[in-house]
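Open the model in your viewer and keep the selection tool ready. We will go stop by stop.

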Amino acid sequence: MATIRQLADNEVPEAARDLVERVKRREKRVFGIDTLSNVWRSMTHHPEYMRASWERSRATMQRGDVPPLVKEMVASAVSIVNACDY
């Protein structure tokens with residue numbers, strides 16, 4: 001199984017640094033976590049892909065009838081049902 005080396009904060013490309021801070025602020029506000037999750041950290045190798053994923057995530061997680069935490073729980077449940085390793 002291929003792995004992606006997780007970049008340390010000081011290794012994140014300049015093009016991704018602002019986005020990393022935005023993601024961290026959102027994760028702190030919504031989920032109460034202080035660190036960048038491995039999913040986001042693995043994308044720092046490709047800032048353009050990270051930005052596209054961030055925009056998709058923001059559109060999906062917009063407030064509405066279903067709170068963001070419930071949306072994340074549904075995504076986790078789908079991953080479990082599909083035997084996703086991560």
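Which helix does E14 lie in? E14 lies in helix 1. Helices here are DSSP runs (H or I, at least four residues), numbered from the N terminus.

Before going on, note that this is a predicted model: local features need pLDDT of at least 70, side-chain atom pairs count only at pLDDT 80 or more, and totals for chains, interfaces and linings use all residues. Residues are numbered from 1 along each chain as its sequence is written, and side-chain values use heavy atoms, with hydrogens and water left out.

**Stop 1: E14**

Keep E14 selected. Its relative accessibility is 60%, so E14 counts as exposed. The cut-offs are under 20% relative accessible area for buried, over 50% for exposed, and partly exposed in between (1.4 Å probe, protein chains only). The side chains of E14 and R17 are joined by a polar contact of 2.8 Å. Such a contact is a pair of N or O atoms within 3.5 Å; within protein, one must be able to donate a hydrogen and the other to accept it, and residues adjacent in sequence count only if both atoms are side-chain atoms. Now select T35. T35 is 21 residues from E14 along the chain, and their C-alpha atoms are separated by 18 Å.

**Stop 2: K24**

Stay in helix 1 (residues 14-31), where K24 has its place. Is K24 buried or exposed? K24 is buried, with a relative accessible area of 19%. Leaving out residues up to four places away in sequence, K24 touches D9, I33, D34 and L36. Touching, or contact, means heavy atoms within 4.5 Å.

**Stop 3: the core**

Select V12, A16, L19, V20, V23, L36, W40, M43, M50 and W54. These 10 residues make up the largest nonpolar core. Helix 1, helix 2 (38-43) and helix 3 (47-60) each supply at least two of its residues. The largest share, four residues, comes from helix 1. A nonpolar core is a set of buried Ala, Val, Leu, Ile, Met, Phe, Trp, Tyr and Cys residues joined through side-chain atoms within 4.5 Å. Zoom in on A16. Beyond its neighbours within four places in sequence, A16 is in contact with T44, P47 and M50.

**Stop 4: helix 3**

Select P47, M50, S53, W54 and S57, the buried residues of helix 3. They cover an arc of only 120° around the axis, so they sit on the same side of helix 3. The arc is that of the directions from the helix axis to the C-beta atoms. Helix 1 and helix 2 are among what covers these buried residues. Turn to the face away from the buried side. There you find the exposed residues E48, Y49, R56 and A59.
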